[in-house]
Amino acid sequence: MEKVDGAFFAGCKHPVEFVFIRHGESEGNAVGVFQGLLDFPLTDRGREQARLRGKQLKALPCCVHPNKVGVFSSPMGRAQETAALVAEAAGFAPPTIVPSLTELDTGVWTGKAWADVRSDDNELWPHFRAKSWAAIPEAESEGALYQRALDAWKYLRDQSIDHNLQTVIAVSHAGFLQWLFRVTLGCTSWFPLIPVHNCGMFRFKVEPIKGHAAYVAWETIDEPLPSASL
């Protein structure tokens, strides 16, 4: 089973940090809706979250050279707007759209509210609790998500090599970020889940070692925004 480990980065010639960010709060998040492939704009709060994250990134050591930073985004509007606001606040070039970073298809629950499905009277609810989206009809499968996460990582890794980037920033979604994380461990099912909050940040360090697989490590998981007010 292919995974995103040290051997995966054997072609890297210099250290690189991959920074994954969930989009800011969307109107769908605000009302507790399973968005999936439906698109909702950011709320004003979500826009402020994105700006705040951009200002924080600007101050990080890995981002001191803006010309060595690449920003990438899911094609969905809530992610694109987040990425654009992050890039603007940090002084980075505008984001590049990467289709493989899009959110998962949530199947027959797309557009439904948590409040409407979270009940033992709903026959799918206990199955969802036990298997997550693998239990929901027409939702994207675990196998497809694993492969898509691999594809996204390959693209981002190759961008870092081809453009000599020190930092790669990618804005995606709560569901798919689970798989961008899982594929680094070779985990092919939904559980255990990790927390993913709006504008939560995940930092993954890669340090090449001559003649060996690279040193790789998750530095932060779902790092919160610097302001508790958001």
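View 1. At 31% relative accessibility, E207 counts as partly exposed (between 20% and 50% relative accessible area with a 1.4 Å probe, protein chains only; buried is under 20% and exposed over 50%). The model is predicted, with local features needing pLDDT of at least 70 and side-chain atom pairs pLDDT 80 or more, while totals for chains, interfaces and linings use all residues. Residues are numbered from 1 along each chain, and side-chain values use heavy atoms, without hydrogens and water. K205 forms a salt bridge with E207, their closest N and O atoms being 3.8 Å apart (a side-chain nitrogen of Lys or Arg within 4 Å of a carboxyl oxygen of Asp or Glu). E219 also forms a salt bridge with K205, at 3.7 Å. This pair links strand β6, which holds E219, to strand β5, which holds K205, 14 residues apart (strands are DSSP runs of E, at least two residues; helices are H or I, at least four; both are numbered from the N terminus).

**View 2. The salt bridge between D44 and R47.** The closest N and O atoms of D44 and R47 are 3.0 Å apart. Both residues lie in helix α2, 3 residues apart, about one turn of the helix. D44 counts as exposed because its relative accessibility is 61%, whereas R47, at 22%, counts as partly exposed.

**View 3. Buried residues of helix α2.** The buried residues of α2 include G46, Q49, A50 and L52. The buried residues of this helix pack against β1 (16-22), α3 (77-90), β4 (167-172), β5 (201-209) and β6 (212-223) (contact means heavy atoms within 4.5 Å).
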